[in-house]
Each structure stands twice: as structure tokens, then as C-alpha cells.
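Hi everyone, thanks for coming. Let me walk you through a few spots in a structure that may be new to you.

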Amino acid sequence: MSSLSRELVFLILQFLDEEKFKETVHKLEQESGFFFNMKYFEEEVHNGNWDEVEKYLSGFTKVDDNRYSMKIFFEIRKQKYLEALDKHDRSKAVEILVKDLKVFASFNEDLFKEITQLLTLENFRENEQLSKYGDTKSARAIMLVELKKLIEANPLFRDKLQFPNLKNSRLRTLINQSLNWQHQLCKNPRPNPDIKTLFVDHSCGQPNGARAPSPANNPLLGALPKAGGFPPLGAHGPFQPAPAPVPTPLAGWMSNPPAVSHPTVSGSAIGLGSPSISAALKHPRTPTNPSLDYPSADSDHMSKRTRIMGITEEANLPVNVLPVSFPGHSSHNQAFNAPDDLPKTVARTLSQGSSPMSMDFHPVQQTLLLVGTNVGDIGLWEVGSREKLVLKNFKVWNLSACSVSLQAALVKDPGVSVNRVIWSPDGSLFGVAYSRHIVQIYSYHGSDDVRQNVEIDAHVGGVNDLAFSHPNKQLCVITCGDDKTIKVWDATTGVKKYTFEGHEAPVYSVCPHYKENIQFIFSTALDGKIKAWLYDNMGSRVNYEAPGRWCTTMAYSADGTRLFSCGTSKDGESHIVEWNESEGAVKRTYIGFRKRSLGVVQFDTTKNRFLAAGDDFSIKYWDMDNVQLLTSVDADGGLPASPRIRFNKDGALLAVSTSDNGIKILANPDGLRLLRTFENVSFDGSASRTPEAPKPTINALSAAAAAAASNAALAERAAAPVGSISAANGDARSLPDVKPRIGEESNDKSKIWKLSEINEASQCRSLKLPENMRVTKISRLIYTNSGNAILALASNAIHLLWKWQRNERNSNGKATAGVLPQLWQPSSGILMTNDVAETNPEESVACFALSKNDSYVMSASGGKISLFNMMTFKTMTTFMPPPPAATFLAFHPQDNNIIAIGMDDSTIQIYNVRVDEVKSKLKGHSKRITGLAFSHVLNVLVSSGADGQICVWSSDGWEKQKARYVQLPPGRTPSPQSDTRVQFHHDQIHFLVVHETQLAIYETTKLECVKQWVQRENSAPISHATFSCDSQLIYASFFDATICVFTASHLRLRCKINPYAYLTSNLHVHPMVIAAHPQEPNQFALGLSDGTVHVLEPLESDGRWGVPPPAENGSTSTVPAATPPAAGSGSEQPAQREM
């Protein structure tokens, strides 16, 4: 049942309670299972209505659901049994014993025997444990205290013990609002309608041709709304008047589209005679001072219009991630800390050459900035390296296919401005809306490879806004224009799908969104009207007034839960407001604008917490929950009066236009670290192109893949500071603080490249962590997400935690090879030790996964899965006893309550921790699961098994999409214990496959191997491998104790670390597992077969592991003959495919 339907049940419960339908209320509570009425339950227990008590409970739980439920039912039936004995009703007691209590015998036979023996006693109080049993009333009261504790602790009752905080008679209010809305749609509304039924929609008949009063004087509708408000509800509904109702709330019109007549919506092209935007907007005056914006209605900033910079595409909205909630565990939200983490530092200054009108960062490659200007130019910048990758001037691709009016307009005045540029949700396409009729859709294939996709003659006059959406799972483009219409087009073919008519002024902006699988579009017009449309050609669902009643844009917060609008009036008064969607009214109005803004103010949202607007020659920031201005930044001066602004997806960077036709990039500390990764990096566009790239096919997988088209340059490029790495040893976590790498200068191919070899301890920094003699070998290893500790799981099921302290030698407290950490234990001295099966734990498969906030770890060593508190080391819970045993664990990236659990019986169980339930069981492998990795971009789970097979599963419905076996070298047979591991690249499109015979990079959507490195036959197998935190390197360990560092984009060996460099004595050990630091790309740790852990870093003077090998003719498929690979650690094989 959807959440809206669930809320409707609560409204019905409130209505029934208000109408005193008491029995019906509790029956609905029980049948729906949405609300457990503790007060009613207490009354029934006190009254001893045991049958009703159990019947009511049955709507929420059964006896065998979990241990809490079993205890609840046992206490009730035991009390019923004792009361029968107390009344000396032996036959009744026997009946209860046989029918009700015998079910517990299989769980505790001794207890059942003891209860049975009470029948033999004259007074059951002779039993020592029941000697204090008083009378029936007091016994029920004591039992009730225990029952309430059990119910509150039972996860099945979570979120069901509190009734929602509703205003009185909420259902009546909604019905009255609906009737008022229906009355507004009447062709001939009467002043005081007599509404006698709810069974059909209301409509006013026209009595004898009498003229109906105008809406302005209609008592039902009330007075015309003030700015930011809505008409009050009339007092003539069938229910009592509501004091402050509003037109149809969003929840109502989305779930119940009205069955009323609407103006016909055209499915064909709009006629040429449609009115265009006013002359004041059409002919901007050239200001005398080009560095200033003027507040006049004919200002260039009015006509070229500031664009909405909020989230406009539902497919781009991340799911709100809820931490797993356990008794005694508090989740730690890693919030954006204002104002220090707002982007305020000027990090880059770019010269565009013409005035930027609209900007948009790439949704995946978050340092790519798309720019549209006032002369129709399109620019694509890599802001990290300050390189302008693409510059395209306006040109109609096929003039002959354009309308006669457009051809005539271009001849008369060829000047064209860009009104809007925007990326598709996956970054494979971008759209450009121009001030003359035209929309152009380009496909993007990486680097500077931009190709024409489709051109649309969309509107008569200007195209004022453009957005992407996914109605019916088909990627579409939504446009709006001067001809007062909104249109929806197929993004691939340009075929028109819908035309929405109803605005009475040029449409200024569109904002698509979805809730509860209902997709809709908000639109705003220059008369200040806000309308909402479903994809059904049934007309607008709402008609709101925007504050300012002129140029307004709308945007949702990143999680899609909060709606904001920003508008400027013709008099220059600007407003940012938050809307209450359920009430259809302005919730809060933010203050801090200049009294008369010089131009149309543009705004954006970030991090589900902050708002930003360009006003008064500066950028102004607000906290969403505080109407007062938080801070303002002038970006070192040089900004226009109302600068254009745009955050990147993670809020670490902010692009702002300057008055000298340039762009400044503001950054917070994360953004600065991200941008430093590009310093001295030569961006090789030629190496990144894919020859004969096909026209993009838009579907759930390949659309996202196109944004990171298979190219060598992509993996070399620094990724965004916040991403998700599904680590090879079992965690899926955010990387909020990726430290910059030393830039890799472009190689002069005339020079001879040489493989870097490290043979001695003096050639690198290595640190052996304090030992624990109780462990024999390290099975799993991971850095904490904070980067200040390392967690290991030993083969004997014991966990070890090393923490680095903040001190003079280590000012940031992060893990480093330069400072010895502490082998940490809580003051209690307890160890985190997994449950073990009856077999030897050394022979079991160990696995663990760390929570995003480092507060708990989920782990298994052949026995039950254990959940440990990382602060106290206490076991919080255990679950899933074998068989089968868990062999791999991975958290869902968007819901910490969902865990993918790989099993030794070859299945994958999708387990919901909150409700203690297996939601799905995935079958496709033939041997135990050895690896799991989620992609939050593609919404898939990739699994690998000991059978050498890789499977791709949809994380929406858990269907298997593709499967393929790892390509083994000819004549090679893997060992019986061979593992195959998987880990996603930072782009979330490609993933690393680690097998004892090879390393390979796969593209997920086609499940094709695009790169492969195979070790030499008869040499030491690979024991483990992992991406560096920025996915530019791959660290691989071998069974001969050698470590190899590869360039990820080429799968070319760049550095070889021999055992003598980090092993001082025992050379008969080897790394079992390797882990990469979550923020420092050049640091990794090794877990060895002797139970020790080593941390390795390059020398500070080097700053990196070796020099990247050269790429020949943009390819990476050859290896210089002068650098033969070292024996025992594999050989450089020609890459089978380009990535």
C-alpha cells in the first residue's frame, strides 16, 4: 500500500473516532496494522478480555514472528492460565494448557513441564516463583507493565505506537477543499451552492440563464489571495466550516485526478499567431555601464531571464538514507556544517568570452560545467584543469525543417541567446533552450566529444525553460515558451508527446517531480500563476499565485521532500519561500534581499539544507530551517547585480557568473581538495574518444553509462569528493574527504619510460601495526570512513581496531605510516568476537561491512551474523544462524536497513534489518558468493561467486539482468578455493573484477570486459586487489608477497613493491587482503597471513607510486619491450578492449 493510502487510513481512523464508532475504529486498527492503540490494549487487558486481546494483537504480530512476540503471547496465556487455576476451574486450565500454552513446549520444554505441574498444586502460589502472586487485578497490572516494554522493544511495532499529529477533522477539511475546488471549476458558479451529495462531483446548473457572480465576489471562494497565500475555504460545504482551508492540496490532486471537463489540449503544433512575450521584454536596452544590471522591465537580465537552478528531474533525486536503528545505538548524521562548509573560497576564474546566462554541472563528473551565454554560445569546461573542452556557436542544424516564422525571425534579427542549459539525469545528454523557437539536444561521449542528437522547433517565440523527466520510464524533454504552452518531447527522437495549455501569459519555468509514483510538472508564468500538470492531457490541477507575481522559478530539495520558489516582481522585490505542499500555502518566507533587486534573482538548493541566491552583487546563503540570512559572499568582487549561480551535485562547488563575461568557481574545503587533483594534469581529449560511438539508447542502464563513456581518460580524471565505493572487502560507503593526488604530468613519448621498482625499506614509508598474538592471519581489512582507524577481522573470528590519535606529529589524526597507532580496546576489555559454527573458524569464510558513520560493524565468521557497537565492542544482536552461512555482506547505498548477504549455498538474501525479514532470495550462482557491490547510479547489484560467474541484478525489483563468466586465460584452471571479487569504479558504471588469474574492468550495462590484465602462467596468483579511493590506481597483492600498483584507466603496471620493502624478517608470509585509505589515494594497508597489518605510503619526496606508463597513439594495448614484468607477479598483457 502506498504511503498516501496509508495516510488515508489514518484520516478515516480519526473520522471514526470523532464520530464515536469505537468498535469500527479498533477493527480498522487491527485489520490495517498501521496503528497499535496502546490505550485500548491496556483496557482490554485490565478487563481480562483475552480473546479480544489476542485478536487485536494478531493484526500486528504472530506468536512465532520473533522472540518479543513469543514472549508477549506467552505472558498473556500464562496469566489466563493462572486466573483459571486461581478460580479452581481445572477444566478451563487444562483447555488453556493444551490449546494455548502447548505451542511453547517446542521452544522450552522444561518450562512447559513446570507450568503443567501447577495443576497438581492446591494453590499454585506454593510454587516458589509464583509465591508473590497477588490478586487478579494487581497481577494484570504487573503483567501489563512487562507487555508494554516488550511491545515497545518489538521491531514489528516500530512506528506504529504513535498516531500522526493531525488537525481536528482533517478528512472533513480535505472534502471541503475538494468541493470548493470543484465549485471553482463550475462554468456558472452560484454564490451559495447547496451541496447535498458526495457521491458525484459538484457542478452548478445555470438557473434560467442567470449570470453568475464573478469569482472575486464569490463568498464561497473568499477574497482574492494575497501574495503567497491562497483563497480561504467557504462555509457552505456539507461539513462544518474549516477556518483556513486552501485549494486542492498536492496529495489530493495527485492521487485523485478530477473527473471534470477541462479545455481541450492540443496535440498538434501551436498556430503561428500565438501572442509572444511583451515588448518590454523583447527589446532590451543596452545599459550605459556594462558592469551593472538595471532594474527596469526592459533590462537584459529580464529578457534573457535567470534560470532555475534547483533540482528539476525526478530521476536525479537520491533516496533519503535512514540509518539502522538498534537499541542503544544512536545514528550520527554527517550534516553539512554551516557556514564553514559552504563554498565561499574563489578557487577558479574562467573567461567565457560572453555573458553566461545558464550553467549546469555534470551529475556524475562533478567538475564538468556546461555554460550557455547571451550570444547563443555553448561552452563545456573542466573547471579542475581550467580547460575549455568545447565551444559551440549557435547554428540551426536544419534550417529547411524549421517553421517559416523562425526562418523569417532569424533573417530579421540573427541574435540568439541561451535561456537554459541542463544535463540529463545520467549526463549522457544535455539540452539547450534558446530565445528563438529552438531546443537542441546533444549527446555527450566523454571529454570534448559532443554530438548533435536532435533539434526541435519547440515554441513560437522564445523557449524559456527546459527540463528532463521520465514519464512512463521514457526519457523526455519538457519545454515552455512565449506561446503560453508547456510541451513534452521524446528526448531521443524529438517526437512530441504532450502539449499543455491553460496559462494566460508566457510560461517562464517548469519543474518536473514525482511523488508516490505519480509524476507531475509545476509551471510558472509571467502573470505569477503557478499551475501543476499530470501527464494525461487533462489540464492543470492547481492555480496558485506566486509571491511577486512575475518571474518565478521552483525547485525541490535534493531529497525531493521540500518545495521552494524564488521570484522577482516587476518592481524588483524578490522572494524565496518554502511551500507547505499538504496545505498548498507558503510555509516560510526568507528575508535578506535588497529592497529592489537589480534584475531577476536566481537561486539554487544544496545538501537538503541550504538555499543560495545571487543578489546585490553577491551570493546570499540561507539555512532552509531559518528565515534569517545565514551569510553572504562577494567572491572577491566583480559580480553583476544578480549573478547566475549553480551548485554541483554535492554542494562542494558553486559556479557564479561575473560582470566581465567570466565565471568564478567557489569551493568549500572538499571542493578545494577536489580541484587540486587536477593541478598539472593534462587532459587528453583524444585518448578519451570512443570511435563510432552509437547514438545513445535511453534505458535504465545504458543511459547512465553514456555519461561515463568507455574512455581511458575517465578513470584518470579525479572523481567527485563525495561518491560511493563498494569495496572489495564488503562495504559501501561515502567518501566525503578525498585528498588530492599529485598531478600526473603528461608524458613525453620520446622519453624512455621505466617501471618503478621498490626493493628496500628506504624507498617507501611502511609501518607494521602493533601486534596481537591471539590471531593467526587477517581475513578481512578495511579503513574506517573517517580515515583515522583500520579494522581487521582475523581468521579466528576476533576483530582488531587500530586508531591514530591527533597529536603534534599527526595534526589531522588520520591514518599514516609516519605515526604508530594504538591497538584500541574499550575500558571493559572485551573483544569483538564473531559467533562461530561448530567447525573450525579458521576454515570458515569471514566477511564484514562497516556502517557509513563508523558506529557499528556487521560481521560473520561461519556462524551467525553479529552486529557490534564500534564504541563499546558490545554485541548488539545476532541473526541468521547457519546453514547456510554468510560469506559476503554489503549495505544498500540508499537504505542502511537493507543488506545484501551472500551465502555459501550460492544464494543472495536481501535482508531488511528493521523488520528482521528476508525480502528476496536471489538465485543464479552455483557456488558460494564471494563478492557483492552496489551501484547507486545504475541501481544495480553486481555479484560474483566461486563459480567464476558475475551477475547483475536490478536493485529495484531484484530481477537478474545479465550474467557472464570471467574470461579465464587459455589452459588455466582456477583453484577450488578461488575467489572472484567485484568493486565499483568511482563513476559507478565500470567495476573491477579480481580473480587469482587476472584483473579486469567491466562495463556494467553490457557486462563486457573492456580491460584485462593476466598474470604470467606459473607465477604467483593474485591474492587481493582494490581501487584507490579516487579510482585512479589499483593496488594488487600476490601470494609471493609482491605488491603491484596499476594505472586504473590502462590496467598498466606502474610500480612494483617487492617483499623486502616492507617485510624485515619472515618472508614466508603473504598479503591476504589489501585496503585503500578512504581519502588519501596513495596510502594502502595489507593484512598478512601471519596476523600482522602493514600500512604503506610512497616517500614524501615522491608523493606517488611510480610514473604512469605512456599511452601509444591514445591506446594502452602495448608494453615497452625495455620493461619486462618482474617474475612472479604477472606480465603485462595487451589490453583486450579499450575502456
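**Around helix α3**

Where α3 begins, a side-chain oxygen of N37 comes to within 3.3 Å of the backbone nitrogen of K39. Before I go on, this is a predicted model: local features need pLDDT of at least 70, side-chain atom pairs count only at pLDDT 80 or more, and totals for chains, interfaces and linings use all residues. Residues are numbered from 1 along each chain as its sequence is written, and side-chain values use heavy atoms, with hydrogens and water left out.

Helix α3 spans residues 38-46, and M38, Y40, F41, E44 and V45 are buried there (under 20% relative accessible area, with exposed being over 50% and partly exposed in between; 1.4 Å probe, protein chains only). Looking down the axis of α3, these buried residues fall within an arc of 160°, so they line one face of the helix. In general, an α-helix has 3.6 residues a turn, so residues three or four places apart point the same way. After α3 comes G48, with a positive phi near 70°.

Now to salt bridges, meaning a side-chain nitrogen of Lys or Arg within 4 Å of a carboxyl oxygen of Asp or Glu. How many does the structure hold? There are 30 salt bridges. One of them joins D360 and R646, with the closest N and O atoms 2.6 Å apart. D360 sits in strand β2 and R646 in strand β26, so this pair ties together parts 286 residues apart in sequence. Both D360 and R646 are buried.

Terms used. Helices (H or I, at least four residues) and strands (E, at least two) are DSSP runs, numbered from the N terminus. The arc is that of the directions from the helix axis to the C-beta atoms. A polar contact is a pair of N or O atoms within 3.5 Å; within protein, one must be able to donate a hydrogen and the other to accept it, and residues adjacent in sequence count only if both atoms are side-chain atoms.
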